[in-house]
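Notes follow, in the order I looked things up.

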Amino acid sequence: MSEPMTGQDDPQQRLPQEREDAAHEPVSSRRQLLMGGAVAASAIVSIRPALANTAASVLNCTIPVPDQARAGNYIAPNGQVVPAGTPGAFPAAGRSYTGEQVKQALRGRPLPGAGYEQNQAYLNYIRRLQSGTSGFTCYASLQMPR
């Protein structure tokens, strides 16, 4: 009790143009697939060096503590910039730290030249950086997963 085949189901009863189109479908789709793979491979080859350069530049970027606009002020234990001489606050580092130094400090190592409490105050300052503040882009890039 099979149903009769229509002209579209039987390859022999297709029009010559339909048979030719059907014959080229697999070749054409394979060709497109291979071309897509080649494009993807070249994208990976060109992106990898860029990512390596980005990783290196992140570790070499700098974060001043505090930024130039607030130089001469002190850093409170919570990371706020306060007027010089504020009790309990620490003198500004007067230098910039590299991304690598900050990254290590965020993992538990001290920043160069800073005692424990001073280190915590400086890290709190860095954590509070906002867009538009010198060092923000460097700190934000340290937060990006790789």
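Arg70 came first: I found it partly exposed, with a relative accessible area of 30%. This is a predicted model, so I read every value as computed from it. Next I checked what Arg70 pairs with, and its side chain meets that of Asp67 in a salt bridge, 2.9 Å from N to O. Asp67 turned out to be buried, at a relative accessible area of 9%; the cut-off for buried is under 20%. I then counted salt bridges across the protein, and the count came to one.

Then I turned to the core. The largest nonpolar core holds 19 residues. Among those with the most contacts inside it I noted Ile63, Val65, Val102 and Ile126. I looked up which elements give two or more residues to this core: strand E1 (62-65), helix H2 (99-106), helix H3 (116-127) and helix H4 (136-143). H3 gives the largest share, five residues.

Last, I stepped back to the whole chain. I listed four helices and five strands, running α-β-β-β-β-β-α-α-α from the N terminus. Of the 146 residues, 24% count as buried. Among contacts with a separation of 6 or more, 57% join residues 24 or more positions apart.

Key:
Residues numbered from 1 in each chain as written. Predicted model: local features only at pLDDT ≥ 70, side-chain atom pairs only at ≥ 80, totals over all residues. Heavy atoms only, no water. Buried < 20%, exposed > 50% of the residue type's maximum accessible area, 1.4 Å probe, protein only. Contact = heavy atoms within 4.5 Å. Core = buried A, V, L, I, M, F, W, Y, C linked by side-chain atoms within 4.5 Å. Salt bridge = Lys/Arg side-chain N within 4 Å of Asp/Glu carboxyl O.
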